[in-house]
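Q: How are the terms for this structure applied, and what do the values say when set against them?

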Amino acid sequence: MSESAVEAEPVVAAEIFGDRIELAQRFTAALAAEGELRGLIGPLELPRLWTRHILNSAIAAPLFVGSVADIGSGAGLPGLVLAIARPDVEWILIEPMDRRVVWLNEQVAALGLDNVTVMRARGEDVGLEFDVVTARAVSAMRTLIPITAPLVRDGGELILLKGHNVPTEIEAAQKVLKKHKVTGVTVEVLGEGVLAEPTRVVRARVRA
């Protein structure tokens, strides 16, 4: 990996992370150094690592409260990034693949994140409830809802980071949303005028 291949830290990163920027820098540097080698990110992601992944995740940090489960944490996007930005929130990173679990535990230890628990499991097998459940780039809504909604406590919230085609995904998931009592589905666009590529977030409530 050449240094020139890694995106320079955008000025706005310090504004988003505040006094947690050093931890964000350390995590991003580790991901840049080891991510491709360990199969966590593709080689094309290095030139947009901050913009497309770190800040895309971090901009959603103010939305979270209580206990939050991140389903399919992978490289730590968004869960580890959000845990850096929000040390006042309890984060449970749920990831089935062993090598990714090893990476997540390494980073939690290296960064001293005492608000994070890493759980090796599939979302379907967790059997716990959380105030909020999140996921990023895991699967389409109609397959993601049956995995995530059962983990949300009654009256809790789904906060899902999605792409440009999210309206189409929501439309295709109407039957699944109704089945799992997911209501009040909205899409928020975060970071317009701040990030080069805004983040789209699906927010919804789950009733028992």
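A: Start with accessibility: buried means under 20% relative accessible area, exposed means over 50%, and partly exposed lies in between, with a 1.4 Å probe and protein chains only. The model is predicted, so local features need pLDDT of at least 70 and side-chain atom pairs count only at pLDDT 80 or more, while totals for chains, interfaces and linings use all residues. Residues are numbered from 1 along each chain as its sequence is written, and side-chain values use heavy atoms, with hydrogens and water left out.

Q: Why is Lys181 called partly exposed?
A: Lys181 has 43% relative accessibility and therefore counts as partly exposed. Its place is in the loop between helix 8 (174–179) and strand 6 (182–190); helices (H or I, at least four residues) and strands (E, at least two) are DSSP runs, numbered from the N terminus. Phi of Lys181 is near 55 degrees, a positive value in a residue other than glycine.

Q: What makes Ala137 exposed?
A: The relative accessible area of Ala137 is 72%, so Ala137 is exposed. This residue is found in the loop between strand 4 (130–136) and helix 6 (141–148). Ala137 is not a glycine, yet has a positive phi of about 55 degrees.

Q: Why does Arg203 count as buried?
A: Because its relative accessibility is 18%, Arg203 counts as buried. Arg203 is found in strand 7.

Q: Which side chains make polar contacts with the side chain of Arg203?
A: A polar contact is a pair of N or O atoms within 3.5 Å; within protein, one must be able to donate a hydrogen and the other to accept it, and residues adjacent in sequence count only if both atoms are side-chain atoms. The side chain of Arg203 has such a contact of 2.7 Å with that of Glu157, and another of 3.1 Å with the side chain of Glu188.

Q: Why is helix 3 described as largely enclosed by the rest of the structure?
A: Nine of the 10 residues of helix 3 are buried, so the helix is largely enclosed. Among the buried ones are Trp50, His53 and Asn56. What covers them includes helix 1 (12–17), helix 2 (21–34) and strand 5, where contact means heavy atoms within 4.5 Å.

Q: How do you know that Leu93 is buried?
A: Leu93 has a relative accessible area of 0%, and is therefore buried. Leu93 lies in strand 2 (residues 90–95). Leaving aside neighbours within four places in sequence, its contacts include Asp70, Leu104 and Val116.

Q: What makes a space a pocket, and what volume does the largest pocket have?
A: On a 1 Å grid over the protein atoms alone, a cavity is a set of points where a 1.4 Å probe fits but cannot get out, whereas a pocket is an open set with protein on both sides within 12 Å along at least five of seven lines; lining residues have an atom within 4 Å of a point. Grid points are joined across faces, edges and corners, and a volume is the space filled by probe spheres set on the points. The largest pocket has a volume of about 240 Å³. Of its 15 lining residues, those closest to the centre include Leu40, Leu77 and Ala137.

Q: Where is the cis peptide bond that involves Pro78?
A: The cis bond joins Leu77 and Pro78, with omega about 10 degrees.
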